[in-house]
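Here is a short note for a colleague who is opening this structure for the first time. Please keep the view open while reading the points below.

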Amino acid sequence: MRSGDKLKAYLKDNFGYSTFRPGQLEIIKTILAKKNVLSVMPTGAGKSLCYQFPAIYSNEKTIIISPLVALMDDQVASLSHLGVSVSKIHSGLSRQENIDQWKRFANGESNILYLSPERLIQPRMVEALKRFSIGLFVIDEAHCISKWGADFRPDYEELSKLKDIFPGSVMAAFTATADRATRADIVEKLTTGECAVHVKGFDRPNLSLKVSPKQNLKNNLLAFLNEKREQSGIIYCLSRKETDETCAFLKANGFNAISYHAGKTSEYRRVAQDRFMTEDSAVMVATIAFGMGIDKPDIRYIVHTSLPSSVEAFYQEIGRAGRDGEPAETLMFYGLQDMVLRQKMIFEGEGNEKHKLLEYKRLEALIGYCESTACRRLALLSYFDEKVLNCGKCDNCLQPPTVEDYSDIAKILITAIKETGQYFGVSHIIDVVRGAETAKAKARSHNLLDIFGTGGTHSKQLLQSIIRQLIANGALRVNLQKYGALEISEKGYNILRENEKFLAKVVPKVLSPVAKVSPNSTISKIQNNPELFAELKKLRLNLARERSVPAFVVFSDKTLIQMANDVPLSENEFLSISGVGRTKFEEYYHPFKEVLSKFKEQKN
Ligand code: ADP
């Protein structure tokens with residue numbers, strides 16, 4: 001048998017999949033050939049298999065470093081379910097449990113050990129590990145090691161000592177997000193230079209993208225969610241308060257909503273996460289404290305009620321949807337206030353000037369994405385240097401925005417900014433342009449300016465949109481040292497002097513409710529037997545509860561959909577379903593066969 005065929009047979013037998021996903025085999029072979037590797041693959045591409053497979057196949061001692069307890073727990077549950085013996089040591093376990101886990105690893109009962117970076121780097125742990133021959137170190141979420149990355153963590157930086165302490169071990173680093181500078185940094189920190197780098201496309205064709213102005217947020221959110229009552233998703237909010245409020249609102253509207261943020265106790269968060277992973281149609285309303293390492297394959301939508309911090313952060317957050325490859329939707333609500341707030345957060349945040357400049361650039365890129373009139377996928381992926389064709393299913397593809405010459409309104413706004421000394425923020429400028437006799441306008445005599453009231457016929461909504469687009473296009477900038485005052489750039493003066501036209505998206509007079517983006521939901525994929533699918537899901541939930549594991553650890557939605565379609569009764573038919581390997585076959589064939597047979601009998 002060729003080595004590829006042998007590995008493929010091993011894959012089906014142990015993981016239940018009949019084929020490798022793109023890139024997986026190449027990475028597995030590199031690791032098995034004892035070469036270091038850095039792999040950049042989008043979320044959901046199947047990174048875990050790339051290191052779990054060689055660890056199991058080679059049977060060498062493997063350390064998997066992962067930043068989050070939740071992620072470790074899920075992976076350990078999944079592997080144990082495949083019949084693989086694994087250990088984990090982390091802060092969520094008692095001292096005695098951690099000792100027992102270590103003993104299992106030390107005495108060879110398990111050869112795979114999941115560790116958090118801070119545990120690994122403790123001198124006692126390093127000394128203890130030196131006694132073994134560690135074949136492979138896996139560093140998950142490896143971008144955390146780099147200050148250039150989106151999520152630098154000092155305890156990750158400590159991992160750069162590993163290459164000297166364990167020179168004979170293979171280093172395999174994985175991340176979903178790393179631009180060129182970050183990649184070079186990861187390689188330098190983890191290896192002495194010898195490292196194969198695999199970058200797999202960032203394209204996630206099953207995700208559809210939509211951006212909507214942040215107006216009438218609650219109604220628009222409901223309009224979006226109403227047709228998704230049967231599905232699971234995440235709603236990201238900016239603050240803890242907004243998280244709790246949105247969660248209460250959704251609960252009052254009959255959703256199985258759960259709130260999650262760093263202000264909750266760790267016990268609450270553990271239960272909340274368990275509920276999200278196990279219960280059907282759960283909506284997690286959360287701050288970004290939730291999500292890293294969440295390995296739930298059937299998240300069908302991600303909503304951002306506010307602007308995320310950068311394109312990388314946005315890409316990572318939406319990447320949590322549709323890991324099973326089935327269609328999933330993303331929707332971001334975006335408004336001027338959020339944009340200013342985000343800039344303020346960078347301005348007041350930690351880090352030196354260079355770092356802040358980089359953060360501004362990242363935010364700017366995201367604002368560009370929001371205001372783009374082109375295909376969203378194209379706009380998003382061009383940031384990662386990837387060229388793709390129009391997706392045909394984002395909001396801009398489905399309803400291409402009309403672009404018009406808005407130079408006249410732009411000129412009125414820029415004049416108002418100029419005449420008020422470039423000292424005021426968005427709302428005051430809009431008041432001046434619309435001729436609102438506010439106390440502030442009178443106190444500053446702005447009601448006496450020529451420009452006062454010259455844009456009185458334009459709606460606030462339109463003026464806000466034009467200002468947003470002027471900022472996105474670089475004609476205006478927000479000066480945070482002057483508390484968010486709008487300032488005019490060279491480009492802005494060019495528009496004022498009529499050297500340049502200002503073309504912008506037309507703002508509809510009445511905002512339509514958030515339209516349905518994706519025509520095909522998971523449910524529509526169950527062509528044959530939706531009632532059987534519901535029964536299979538029920539069985540899966542019961543089995544998962546008995547075993548205290550998330551439902552997808554038993555079988556993914558994809559596997560259940562195939563079962564509902566094919567109704568596999570014989571052993572061979574059942575084994576041929578994607579996701580059914582040897583161990584799962586032994587454990588689940590009988591209970592599932594019972595449901596499948598009953599269905600067949602009733603049908604005949
Ligand atoms: P990542 O870590 O890259 O975000 P995961 O490793 O969590 O992605 O994999 C995403 C999903 O794809 C999981 O449900 C996993 O079981 C599934 N998967 C991985 N490899 C394969 C494969 N070769 N065939 C089918 N499904 C796969």
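1. Start with Glu-267. Its side chain forms a salt bridge with Arg-270, and the closest N and O atoms are 3.1 Å apart. A salt bridge here is a side-chain nitrogen of Lys or Arg within 4 Å of a carboxyl oxygen of Asp or Glu. Both residues lie in helix 13 (residues 266-278), three residues apart, about one turn of the helix. Helices (H or I, at least four residues) and strands (E, at least two) are DSSP runs, numbered from the N terminus. Glu-267 is partly exposed, at 45% relative accessible area. Arg-270 is partly exposed too, at 44%. The classes are buried under 20% relative accessible area, exposed over 50%, and partly exposed in between (1.4 Å probe, protein chains only).

2. A note on the source. This is a predicted model: local features need pLDDT of at least 70, side-chain atom pairs count only at pLDDT 80 or more, and totals for chains, interfaces and linings use all residues. Residues are numbered from 1 along each chain as its sequence is written, and side-chain values use heavy atoms, with hydrogens and water left out.

3. Glu-487 pairs with Arg-477 in a salt bridge, with 3.4 Å between the closest N and O atoms. This pair links distant parts of the chain: Glu-487 sits in strand 16 (residues 485-488) and Arg-477 in strand 15 (residues 476-479), 10 residues apart. Glu-487 is buried, at 11% relative accessible area, whereas Arg-477 is partly exposed, at 44%.

4. How many salt bridges does the structure hold? The count is 32. One of them joins the side chains of Arg-582 and Asp-13 at 3.6 Å, N to O. Arg-582 belongs to helix 29 (residues 582-603) and Asp-13 to helix 1 (residues 3-15), so this pair links parts of the chain 569 residues apart. Arg-582 is partly exposed, at 37%. Asp-13 is partly exposed, at 36%. Elsewhere, Glu-157, Asp-185 and Lys-189 are linked in a network of salt bridges.

5. Last, the nonpolar cores. A core is a set of buried Ala, Val, Leu, Ile, Met, Phe, Trp, Tyr and Cys residues joined through side-chain atoms within 4.5 Å. The largest has 136 residues. Ile-63, Phe-137, Leu-159, Phe-276 and Phe-592 have the most contacts inside it. Contact means heavy atoms within 4.5 Å. Leaving aside residues up to four places away in sequence, Phe-592 touches residues including Leu-536, Arg-540, Phe-555 and Phe-574. A second, separate core has 30 residues, among them Met-41, Leu-82, Val-84 and Ile-112.
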